[in-house]
Amino acid sequence: MTVKQRSIPVEGMTCAACSSRIEKVLNKMDGVEASVNLTTEKASVTYDDEKVGITDIKAKIEKAGYKPAAETIRFHVDGMTCAACSARIEKVLGKQGGIDQASVNLTTEEAVVEYDSTVISVEKMFEKVQKLGYTPKAREDNDERKEKKEKAYKRQKRMFLLALFLSIPLFVTMIDHFFPGQMILPSILMNGYVQWTLATPVQFIAGWQFYKGAYKALRGGSANMDVLVAMGTSAAYIYSVVIVLTGGSGLFFETSAVIITLVLLGKLLEAGAKGKTSEAIQSLMSLQPKKALVIRDGVESLVPVSEVVPGEQIRVKPGDKIPVDGTVLEGYSSVDESMLTGESVPVEKSEGESVIGATVNKNGSLLIKADQVGSDTALSQIIRIVEEAQSSKAPIQRLADVISGYFVPAAFGIAVLSFLGWYFLAGASFETALINFTAVLVIACPCALGLATPTSIMVGTGRAAENGILFKGGQYLEQAHKVDTIVFDKTGTLTKGQPAVTDIVESEISEDELLRLAASLEARSEHPLAEAVVDEASGRGLRLEPVSSFTAVPGHGIRGTAGDKEVRIGTRKLMNEEEIDWSSAGEHVEVLESEGKTVLLVAVDGTFAGYIAAADTLKESAAEAVHKLRLAGKETIMVTGDNERTASAIAEKAGIDRVFSEVLPEEKALIIKEIQEEGRRVMMIGDGINDAPALVQADIGTAVGTGTDVAMEAADITLMREDLRILLHVFDLSSKTMRNIKQNLFWAFVYNSIGIPIAALGFLAPWVAGAAMAFSSVSVVSNSLRLKRIPLKESIEGGEQG
């Protein structure tokens, strides 16, 4: 039993009930004692790390509806060559006190660490990574990173060409082995000293990177691909040098040189292919405008976008990119938002409407006010989400990482046993035993295993982003296709969220007076129906009353004072609670509700004054999307605060299987939990603040990107456009990516599990092993890149597909 103590900052607590709720939830966990302080906004936790981890504790806090704050750092790690490297760094970082989670991605060469800065510093992390033999660096900007990769690629290419030029003469000497007794090649090439001269630059100039990597790995107490290549080629090279100096025969300079050349070729092709896996994020970054035409002191001046501050006015000419997120102050134009939403039809923009940075202004001149700039813009947040998803690890990758960590030592052990078996038991010559030893070392490199999952995740999340789908992590891309139940919020998700007033029925006062008083209160409300009432009053030119004592009653309605009148607006429940008799309207209200309309009952000074009906229409894509999801065997459910009749009418139009009506915001998460207890895997789709707890509770929370930032923050997947048919792409991408990962892992496992015994039994020449090892990595990355070209279906079939 190892008892640890941690202090976890918690965001979102507003009162003592919040802190006691978190405390109660945590203390129910096995091996956990917790005390939550509302004033300091911290949870002090003592826990047994053999029973529970800090990530489990944080997950519990999040499930309770609060946000456990943690610092996250992303940094580059240079010097990794295979999965054993990334697994080693991850393991060492994960053991440090204060580090909650560490994920190291071989493909992106990045580490993402969630940590407590009061326990461990970034400098300490870097120090630990350096001791392992790798070089941690702060992240560069996109241009610096691109330039650095191009330089590394060019250097790798030069080393390969040098090795190739010197290895070809050595490789052709192998022809002589097939024609003993005949001198087919020039005799000079068979001279041991000439071969030594040709092989040495390949071994120690082109191949120096393997020695350097092997030294760093061994110094850090681990072994990786560099160790295997350096040992295997050095054995062949040194043996050949000894033979030359002692005047013997049977040289293997061609073996060491050709292996290094082929491994360099594999690395070169792999680097090129890996570059293509990140094309999606590169194209997103390239969308960012560089300049903005800012109006300062009445003068228009072109300045770098990085210098724009919120509140400044910016002129956007036709054909220009909108530089930052903002609001239109004057002008009218259509804006192409396809780069963010995937929607090809331009969106009309006029005064008061929001515009998104990096979208293209098509035909009119716009004057906008900058709202979000720099890292706060929608594009910057999308890039951040995609980067985090590509750096994250899907659960299936954990198995590959564990195997990779033990693979190199095991391979070395097999190579040694192979040598001993051939030399001592089989009575083979030293040369034969050495050749088989080298072949095992070379073919055992777990490169393909390490690339199998991250390359597919990178291409899959990139492809998703191009289609307006943002996965927050690889685990959600892996799990999405397993969902069998989809729960929709109604307002703004299945419906347009922009209802209009359809009926006004007055009782004691005039129709305009009823509407005027109702609109006065509704102007303070954030409910979509409130906007419909206010718009109707505005359209009639009615003057609103000043409001005082305004109170929103979640799930019931609102109350307040408009002018000198006490006004109540809401559902039956509110009227019944206030003991207001509305029975005279009951029959007509039921008729309106059966038509799918929502009815707001209005009382003035304690007397029922009438009611206002509004209707919210289905999105054009909703019925088709629901129909195709049901065909795929997925159950569809709708939850709403509306009454049963209104909810049923909407559900019938959409083709929904089950309906939960008159649900309070806090009850949505409980309903999700009940469905999960039926053994279902649930995806929740919502767009509002009140959907956030349900999005967190669901197996996968999906936010519609036109909704609130809170919903998007709580969700695991964000849909950047309102068209619900995009859900079909979510499941299709998830299924195809998982199939791709399994193909990669299968071939990586098969390659190593078959290749090693074949090499140990003497059926594989070292240079063939080198070629196989090099091209196994390339084949895995190339297979992942197929995801870029596979068309996405507009409908899905049950189960996994590819």
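Please bear in mind throughout that the model is predicted.

**The chain as a whole**

Begin by colouring the five domain assignments: domain 1 (3-68), domain 2 (71-139), domain 3 (309-373), domain 4 (469-494 + 618-732) and domain 5 (498-617). Domain 4 is given in two segments, 469-494 and 618-732. Then turn to domain 2 and domain 4, whose centres, taken over C-alpha atoms, are separated by 36 Å.

**Helix α28 and its end**

Select residues 726-760, which form helix α28. Step just past α28 to G762, where phi is positive, at about 90°.

**α15 against α28**

To see the contact, show N436, A439, V440 and I443 on α15, together with Y751, N752, G755, I756, A759 and A760 on α28. Classified by type, this contact of α15 with α28 comprises seven nonpolar and three polar residues, with no charged ones.

**α16 against α29**

Next, select residues 447-466 for helix α16 and residues 766-785 for helix α29. Their axes are 8 Å apart and the packing angle is about 15°, which means that α16 runs roughly parallel to α29. The crossing of these two helices is right-handed. On the α16 side, display C447, A448, L451, A452, T455, S456 and V459; they meet M773, S776, S777, V780, V781, S784 and L785 of α29. Nine nonpolar and five polar residues make up the contact of α16 with α29, and charged residues are absent from it.

**α22 against α24**

Finally, select residues 586-594, helix α22, and residues 644-654, helix α24. This pair packs at about 20°, with 7 Å between the axes, and α22 is therefore roughly parallel to α24. The crossing of α22 and α24 is right-handed. Which residues meet here? E590, E593 and S594 of α22 face R645, T646 and A649 of α24 in this contact. The contact of α22 with α24 contains three charged, two polar and one nonpolar residue.

Key:
Residues numbered from 1 in each chain as written. Predicted model: local features only at pLDDT ≥ 70, side-chain atom pairs only at ≥ 80, totals over all residues. Heavy atoms only, no water. Helix = DSSP H or I, 4+ residues; strand = E, 2+ residues; numbered from the N terminus. Expected span 1.5 Å × (residues − 1). Axes fitted to C-alpha atoms, helices over the stretch in contact; angles between N-to-C directions. Parallel < 35°, antiparallel > 145°, perpendicular 65-115°, else oblique. Left-handed = near helix turned anticlockwise from the far one by under 90°. Contact = heavy atoms within 4.5 Å. Nonpolar A, V, L, I, M, F, W, Y, C, P; charged D, E, K, R; others polar. Domains from an automatic or database assignment.
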